[in-house]
Amino acid sequence: MADEKDSDRYPGIDRTNDRPVYVVGGGPGGLAAAAALRERGVRAVVLERSESVGASWRRHYDRLHLHTTRRLSALPGLPMPRSFGRWVSRDDVVRYLDKYAEFHALEIVTGVEVSRIEPAGNDWVLHATGGRRLTGRAVVVATGFNHTPHLPDWPGRDTYQGRLLHAGEYRNPGPFAGKDVLVVGVGNTGAEIAVDLVEGGAARVRLAVRTVPHIVRRSTAGWPAQRTGILVRRLPVRLVDRAGEVMCRIAVPDLAAQGLPRPDTGLYSRVKEGAVPVQDVGLIDAVRTGRVEPVAALESFDDGKAVLADGTRISPDAVIAATGYRRGLEDMVGHLGVLDERGRPVVHGGRTPAQAPGLYFTGFTNPISGMLREMAIDARKIAKALA
Ligand SMILES: Cc1cc2nc3c(=O)[nH]c(=O)nc-3n(C[C@H](O)[C@H](O)[C@H](O)COP(=O)(O)OP(=O)(O)OC[C@H]3O[C@@H](n4cnc5c(N)ncnc54)[C@H](O)[C@@H]3O)c2cc1C
């Protein structure tokens with residue numbers, strides 16, 4: 001049972017029903033899990049460290065739209081309104097998440113950060129902000145795949161005099177108008193930021209590429225790439241690699257002359273290694289017309305200059321590192337032996353680790369079929385397992 005003191009501290013937590021399921025994180029994954037649990041009559045309390053739900057989405061860059069369709073991105077029990085259009089904007093995602101919490105009358109306590117989770121008999125104790133201890137009968141960890149920005153420790157980084165920022169801090173091209181910018185990393189975020197910079201008036205945009213990405217059209221003749229991702233999910237990897245190669249050759253021009261050759265590994269093989277293809281929202285055109293210049297990977301800084309893998313030394317005004325995120329789960333659950341060597345949970349959805357029954361995870365896979373869709377599926381599985 002939760003401490004008496006906690007009910008004073010967190011008035012949103014209803015003490016009349018002890019041992020709720022605690023959901024850590026009020027992003028789409030946590031909200032979906034809480035709603036699905038509630039639907040099955042299980043009391044769920046969401047603990048969110050920031051002051052509102054959907055905190056990650058409130059921080060994303062201005063131009064962001066979902067790459068997955070409205071219909072295939074809705075969470076359990078509430079469709080997204082048609083007025084949001086097919087590719088939902090960041091602001092509408094935030095609106096939807098606010099509405100979602102209200103519609104399902106979710107119990108959410110904001111301003112509570114969970115630092116560690118420990119077993120206590122059949123229950124779980126969560127160590128939270130201000131030395132608080134909360135006891136639940138189960139815990140759903142939904143703290144996000146993109147938890148901690150990863151800025152590589154490039155040698156000589158301190159010598160760089162320009163502006164160096166992680167993509168998570170990027171909002172819009174305004175501050176970069178007229179500037180020479182190097183974007184590092186060509187995942188979906190790096191690709192989109194590069195295009196945003198070009199369209200927003202940056203003087204020069206270079207894109208540092210370590211591994212050439214697979215690029216797919218967001219939709220072809222009205223058919224969204226996400227639907228293909230769903231259809232092929234359970235097919236053999238080699239078969240999908242072959243089909244992907246054919247599709248890419250038809251849909252995407254050869255950009256080898258511009259510095260972006262076709263990858264020599266299969267699309268689905270790469271997905272299995274954790275690299276989702278880049279959905280084109282203008283990159284192909286920008287590279288084809290020379291407005292975004294692919295260059296070799298950033299290796300280091302020397303005497304204030306950026307040194308690329310092919311030895312080129314350049315002096316951009318700003319470097320934007322679209323170099324990904326870490327899961328950041330080690331401190332919270334690392335001691336429970338539930339993480340793999342990459343720091344990802346060994347189970348997700350309705351499965352719970354044998355050594356940690358009652359501990360669930362959602363949002364830590366990056367499937368080709370869309371993460372929001374996957375979290376909606378996981379939410380239902382978690383609720384079923386706990387009901
Ligand atoms: C730029 C970008 C675009 C994306 N576009 C799509 C898309 O088009 N389609 C799609 O399906 N997916 C997309 N995704 C992937 C995914 O759907 C989103 O990242 C989604 O927000 C993940 O939801 P989540 O709830 O798992 O994590 P988050 O949204 O990151 O939510 C986690 C929450 O947990 C809170 N939190 C973290 N640690 C703690 C703690 N210790 N205690 C308490 N609270 C904590 C955070 O404040 C946050 O509110 C995109 C991701 C990014 C980064």
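Trainee: How many aromatic pairs does a search of the whole structure find?
Mentor: The search gives six aromatic pairs, counting rings of Phe, Tyr and Trp (its six-membered ring) whose centres lie within 6.5 Å. This is a predicted model, so local features need pLDDT of at least 70 and side-chain atom pairs pLDDT 80 or more, while totals for chains, interfaces and linings use all residues. Residues are numbered from 1 along each chain as its sequence is written, and side-chain values use heavy atoms, without hydrogens and water.

Trainee: Nice. Are the rings of Y61 and Y170 stacked or edge-to-face?
Mentor: Edge-to-face, because their planes sit at 65°, with the ring centres 6.3 Å apart. Planes under 30 degrees apart count as stacked, over 60 as edge-to-face and the rest as tilted.

Trainee: And which parts does that pair tie together?
Mentor: Y61 is in the loop between α3 and α4 (90-103), and Y170 in the loop between β9 (163-166) and β10 (180-184), so the pair links parts 109 residues apart in sequence. Helices (H or I, at least four residues) and strands (E, at least two) are DSSP runs, numbered from the N terminus.

Trainee: Switching to the ligand: how many residues surround it?
Mentor: There are 32, and E48, S56, H67, T68 and L372 are the closest; a residue is near if one of its heavy atoms lies within 4 Å. α2 (28-39), β2 (44-48), α3 (55-59) and α11 (371-386) each supply at least two residues of that shell.

Trainee: Where is the polar backbone atom of L372 relative to the ligand?
Mentor: That L372 atom is 2.8 Å from a ligand oxygen. In the side chain of H147, an N or O atom is 3.1 Å from a ligand nitrogen. The protein covers 93% of the 980 Å² of accessible area that the ligand has on its own, by the Shrake-Rupley method with a 1.4 Å probe.

Trainee: Last topic: which residues line the largest cavity?
Mentor: P28, S73, L75, M80, V93, Y96, L97 and L372. A cavity is a set of points on a 1 Å grid over the protein atoms alone where a 1.4 Å probe fits but cannot get out, and lining residues have an atom within 4 Å of a point. Helix α4 gives the largest share of this lining, three residues. By class, the lining has seven nonpolar, one polar and no charged residues.

Definitions and conventions. Polar contact = N/O pair within 3.5 Å; in protein donor to acceptor, adjacent residues only side chain to side chain. 1 Å grid on protein atoms, 1.4 Å probe; cavity = no way out; pocket = protein on both sides within 12 Å on 5 of 7 lines; lining within 4 Å. Nonpolar A, V, L, I, M, F, W, Y, C, P; charged D, E, K, R; others polar.
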